[in-house]
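These notebook entries record what I looked up in the structure shown below.

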Amino acid sequence: DDMARQASSFTIHPGRPEPKPVRARSPLVDAGRRLGRSRLPLGALLALGLGGLMLLAVGSVLALSLGGASRNTSALLRDKTDLILSSIEQRFRQHLDPVAAQAAYLRGLMERGVVDPRDPDALGAALRASLAATPQVAGIGFIDENLRVVRVERGDDAIHREDWSGRPELLAMVREFRDGARSGWGEPVWSQAFEQTIMPFGLPV
């Protein structure tokens, strides 16, 4: 019985070939076959190659041009800034240097005895005459060790003689000038008399 059941389980089909085993194909092989079937013509490849080279050349030239232009622009801006700063500095010097030269000239007159600082009239006349050469100067004054002041102002023909001994801050300033601790230009300050900001300049005599 067992042999009969085993024999009945096999069915023989005469003339039909036996099935061959199916081999799995690699994805790389399929991709290569697809590329082979979709191969571009030679003209298209040459066009793409020449176009790529052209884009590379044009891009390189544009990059170099842009870099050179930016460097030139930066250099021009630096030169323009330096020129503006130099012009501003020159104008300041043209405005302030004559004041320093005038003060040094008046000190020389006093030290040589041409102008006597103990004579208020002669001193006031010399101070007033010096205003003509420097229109940027609003006023000139001389302060002695006792804080007696002789001063003149632009637009005022009078020679002012004043006693500032009640101002201890001026006494400290005079001592600084006398000891050489202070000389030349001071910091900008607001002047109530002139109603504007002034830059004081002082020299010891």
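**Entry 1: salt bridges**

I began with aspartate 144, which is buried at a relative accessible area of 18%, because the limit for that class is under 20%. I noted that the model is a predicted one. I then looked up the partner of aspartate 144 and found a salt bridge with arginine 148, with 3.3 Å between the closest N and O atoms. Arginine 148 is partly exposed, at 48% relative accessibility.

I next asked how many salt bridges there are by this rule. The count is 6. Among them is the bridge between the side chains of aspartate 116 and arginine 118, at 3.4 Å from N to O. I recorded aspartate 116 as partly exposed, with a relative accessible area of 31%, and arginine 118 as exposed, at 73%.

I also looked up aspartate 121, which forms a salt bridge with arginine 161; their closest N and O atoms are 2.0 Å apart. This pair joins distant parts of the chain, since aspartate 121 lies in helix α4 and arginine 161 in strand β3, 40 residues apart. Aspartate 121 counts as partly exposed, at 46% relative accessibility. Finally, I found Arg151, Glu153 and Glu162 linked in a network of salt bridges.

**Entry 2: the sheet and its helix**

I traced an open sheet of 3 strands in the order β1-β2-β3, with antiparallel pairing. Which strands stand at the edges? They are β1 (139–143) and β3 (156–163); each has a single partner strand, so one side of each lacks a neighbour in the sheet. I noted an average twist of 15 degrees from one strand to the next.

Between strand β2 (residues 148–153) and β3, I found 5 bridges. Glutamate 153 stands opposite aspartate 156 in β3. Helix α4 (residues 120–131) packs on the sheet and touches β1, β2 and β3. The direction of helix α4 makes about 35 degrees with that of β2.

**Entry 3: aromatic rings**

I recorded tryptophan 185 as partly exposed, at 33% relative accessibility, and phenylalanine 201 as partly exposed, at 24%.

Last, I looked at the ring of tryptophan 164 and found the charged end of arginine 167 over it, 4.7 Å from the ring centre.

Technical notes: Residues numbered from 1 in each chain as written. Predicted model: local features only at pLDDT ≥ 70, side-chain atom pairs only at ≥ 80, totals over all residues. Heavy atoms only, no water. Buried < 20%, exposed > 50% of the residue type's maximum accessible area, 1.4 Å probe, protein only. Lys NZ or Arg CZ within 6 Å of the ring centre and 35° of its normal. Pairing = 2+ DSSP bridges. Helix = DSSP H or I, 4+ residues; strand = E, 2+ residues; numbered from the N terminus. Axes fitted to C-alpha atoms, helices over the stretch in contact; angles between N-to-C directions. Contact = heavy atoms within 4.5 Å. Salt bridge = Lys/Arg side-chain N within 4 Å of Asp/Glu carboxyl O.
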